[in-house]
Amino acid sequence: VAAELMPLGQIMAMRAAVSGLLILVYGLIAVKKSDLWPNHWQPHFVRGALACVAMLLSYLAFARLPVAQAQTLLFLAPLLAVPFATMRLREPLSPRVFIGLGVGFLGTLLILGVSFEMGSYAIWGAVCGVAAAFLIATIQITVRAMMATETAISTALSFTIIVAVVSSLSWFWGNWIWPTGEAFWILVGAGVFGALNLVLFAESLARAPVTTLAPLDYTGLIWALLADWFIFAVQPTGLSLLGSLFGTAGA
C-alpha cells in the first residue's frame, strides 16, 4: 500500500526511524543501558549494509507482485539459511527439520506456479524477490553469529539506525512527500510491526539454532494469503491454498 503513495527510499527511511524510536524506548525501559551499545561495530555495519539492499529488493517485489506471491519468494530464504547454517555455524541438520523444509518447499513451489503470468513488470519483481531471499538468508546467519558477543536489542537498534541513515540519502534524488492521513498511519503501522519483528527475530536467534527456526517462516504463507484476500481483494487460487497448507504443515 505504501509503495503506491510514496517512494521506496522514503518508506525504508521512515519505517526504520519509527522502528528505531520504539526499540530505543523499549530498550531504555526493559534492559540495561549498556546492552543498547554494540560490543563490536563491524558485524553491525555488515549486517546493516546487506539489510539495506535486501529491504530495497523485497520492497520492489511487494510493489510489483501480490502479497502472497512476493512473500512466497522470500520464503526461499529459510531453504538457503539451513545449508548456510550447517556450513558456517556447524549446526546439525536433523531429519525432522529436513522433512519440514521439504514440505515447506513444496508449498512454495505450488504458489510460485501462479506467480509468472503477469508480464515483465511482475517478472522483475520476482527476480528482486529471489535476490532478497538470498540476502535474507545471509543476514540470518550473520545475526546468529553476532549473538555470541552482541545483545538482541543492540542488534535490532543498530539495524534501524543504519537503514534509516542510508535510505534517507534517497531524499536528494527522490520525490519525497510529507505523509499525511492514510500515508502517515501506514508508515506508523509499518514501523510498529517492524520494531516487533526486529526484536523478536533477534531474540529468537539468540535462543535457538537457525535450522530450527527456519521452517517456522512458512507459517507466514497463511497471513500473506489472508492479506491478499481481505485487504487487496485478490482471491486465492486452489494452488495458493494448497501451497499455504503444505507450507504450514512443513513448519
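Reply: Let us begin with residue classes: Ala, Val, Leu, Ile, Met, Phe, Trp, Tyr, Cys and Pro count as nonpolar, Asp, Glu, Lys and Arg as charged, and the others, Gly among them, as polar. The model is predicted. Under that scheme, the lining of the largest cavity divides into four nonpolar residues, two polar and one charged.

Me: Which residues make up the lining of the largest cavity?
Reply: The lining consists of Arg 15, Ala 16, Ser 19, Met 55, Phe 159, Thr 160 and Leu 198. Two elements, α1 (8-30) and α7 (152-168), each give two or more residues to this lining. The largest share, three residues, comes from α1.

Me: What makes this space a cavity and not a pocket?
Reply: A cavity is a set of points where a 1.4 Å probe fits but cannot get out, whereas a pocket is an open set. The structure holds one cavity of 30 Å³ or more, and the volume of the largest cavity is about 40 Å³.

Me: What is the volume of the second largest pocket, and which residues line that pocket?
Reply: The second largest pocket has a volume of about 230 Å³. Its lining includes Pro 7, Gly 9, Met 12, Cys 52, Leu 56, Val 166 and Trp 173. The elements giving two or more residues to that lining are α1, α2 and α7. By class, the lining divides into nine nonpolar residues, three polar and no charged.

Me: Why is Cys 52 called buried?
Reply: The relative accessibility of Cys 52 is 10%, and buried means under 20%; Cys 52 therefore counts as buried. The reasoning for Cys 128 runs likewise: its relative accessible area is 12%, so Cys 128 is buried.

Me: How many disulfides does a search of the whole structure find?
Reply: The search finds zero disulfides.

Me: Why does Ala 85 count as buried, and where is its place?
Reply: Ala 85 has 0% relative accessibility, and the limit is under 20%, so Ala 85 counts as buried. Its place is in helix α4 (residues 76-88). The C-alpha atom of Ala 85 is separated by 9.2 Å from that of Ala 137, although the two residues are 52 apart along the chain.

Me: What makes a set of residues a nonpolar core, and which members of the largest one touch the most others?
Reply: The members must be buried nonpolar residues joined through side-chain atoms within 4.5 Å. The largest such core has 36 residues, of which Ile 11, Ile 23, Met 55, Tyr 59, Phe 159 and Val 163 touch the most other members. At least two residues of this core come from each of α1, α2 (41-64), α6 (120-146), α7 and α8 (182-207). The element that gives the most is α7, with seven residues. A second, separate core of nine residues includes Leu 79, Val 82, Val 97 and Leu 101.

Me: With which residues is Ile 23 in contact, leaving aside its neighbours within four places in sequence?
Reply: Ile 23 is in contact with Ile 153, Ala 156, Leu 157, Thr 160, Ala 195, Leu 198 and Val 199.

Me: How many helices and strands does the chain have?
Reply: The chain has eleven helices and zero strands. Of its 251 residues, 46% count as buried. Among contacts between residues at least 6 apart in sequence, 88% join residues at least 24 apart.

Key. Residues numbered from 1 in each chain as written. Predicted model: local features only at pLDDT ≥ 70, side-chain atom pairs only at ≥ 80, totals over all residues. Heavy atoms only, no water. Disulfide = S-S within 2.5 Å. Buried < 20%, exposed > 50% of the residue type's maximum accessible area, 1.4 Å probe, protein only. 1 Å grid on protein atoms, 1.4 Å probe; cavity = no way out; pocket = protein on both sides within 12 Å on 5 of 7 lines; lining within 4 Å. Points joined across faces, edges and corners; volume = space filled by probe spheres on them. Helix = DSSP H or I, 4+ residues; strand = E, 2+ residues; numbered from the N terminus. Contact = heavy atoms within 4.5 Å.
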